[in-house]
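Hi everyone, thanks for coming.

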Amino acid sequence: MSDGYMWFEGVPFPTAGFTPEVLREARESFALKDEDVLLLTYPKSGTNWLIEIVCLIYSKGDPKWIQSVPIWDRSPWVETEHGYNLLKDKEGPRLISSHLPIQLIPKSLFNSKAKVIYLTRNPRDVLMSGYFFFGASTFSKKPQSMEEYFGWFIKGNVPYGSWFDHTRGWMSMRGKENFLILSYEELKRDTRSIVEMISQFLGKKLEPEELNSVLKNSSFQVMKENNMSNFSLLRGQFLDEKNGILLRKGKRKCSDFKIYQNMWRTYW
Ligand SMILES: Nc1ncnc2c1ncn2[C@@H]1O[C@H](COP(=O)(O)O)[C@@H](OP(=O)(O)O)[C@H]1O
Ligand SMILES: CCc1ccc(OS(=O)(=O)O)cc1
């Protein structure tokens, strides 16, 4: 009997939008080019913030692109049916997103000079963000409570598997010339410096006014209002009309601490 996931090589994926055939073909046959940029994260680590920043760096701060094309088409997901089909015939340098753990990523990555940014986030906030997001989605298993979701998270029975394995796997690439490893927390603390670091890593020098525009247009408030980036286009079909929110709050809420307290009480 199905447990609400499509399992591929020991990793759980949602049952819609993912197939073993695409996952296998992506790993075995997808050819990364040296000029591609790969944005890697475990789900709920600030993926879409990073994508927005990189898109704005590529457009030199001009918001036209981010205001007119859905975020999943600007930097498609190599592991989804939709993303894979968009990417495989695309010419020129590509922005590519992925939540895949290292063992499932296209093998061609390891022989290419494609630039890779891996964004990490502390597991406590990833857990909380995932609890609300997947709880409001139609494509993933819905937890009945935070305690239940915590149990799944610790075992890796959540979309894309274990945070611990994912992070350990990708952190092993630390120090490679074409890898930039960042955290959500440092991006939040010193956004300007980290955005400058990203643009330097990508070889895209920004003039001061261009940098200001990247910062403004990727800010929490502006992204929250951008229908091409805030997942409002997914409401109804993939996300709850009311609770299906990508940009939940951008900082911890007092009520989150209550949930943590109850969770710790249950487990310890
Ligand atoms: N521009 C931005 N600035 C700060 N945080 C952002 C952001 N855009 C998205 N986020 C946060 O990134 C998390 C979603 O990550 P992902 O894109 O990987 O799904 C959400 O965290 P919270 O749920 O803790 O609010 C969301 O609020
Ligand atoms: C399970 C598939 C899926 C879909 C959307 C997600 O959100 S995000 O990319 O992390 O913002 C995560 C996983």
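**A cavity and a helix pair**

The largest cavity here has a volume of about 30 Å³. By cavity I mean, on a 1 Å grid over the protein atoms alone, a set of points where a 1.4 Å probe fits but cannot get out; the volume is the space filled by probe spheres set on the points, which are joined across faces, edges and corners. This is a predicted model: local features need pLDDT of at least 70, side-chain atom pairs count only at pLDDT 80 or more, and totals for chains, interfaces and linings use all residues. Residues are numbered from 1 along each chain as its sequence is written, chains are lettered from A and ligands numbered from 1 in the order written, and side-chain values use heavy atoms, leaving out hydrogens and water.

What lines the largest cavity? Tyr-42, Pro-43, Lys-44, Val-126, Gly-130, Phe-134, Tyr-149, Val-158 and Pro-159 do, each with an atom within 4 Å of a point. Helix α6, residues 123-135, gives the most, with three residues; helices are DSSP runs (H or I, at least four residues), numbered from the N terminus.

Now, the helix pair. Helix α2 (residues 47-58) packs with α10 (residues 191-201) at about 60 degrees, their axes 10 Å apart. Axes are lines fitted to C-alpha atoms over the stretch in contact, and angles run from 0 to 180 degrees between N-to-C directions. On the α2 side, the contact (heavy atoms within 4.5 Å) is made by Trp-49, Leu-50, Ile-53, Val-54 and Ile-57. From α10 come Thr-191, Val-195, Ile-198 and Ser-199.

Note on methods. Helix = DSSP H or I, 4+ residues; strand = E, 2+ residues; numbered from the N terminus. 1 Å grid on protein atoms, 1.4 Å probe; cavity = no way out; pocket = protein on both sides within 12 Å on 5 of 7 lines; lining within 4 Å.
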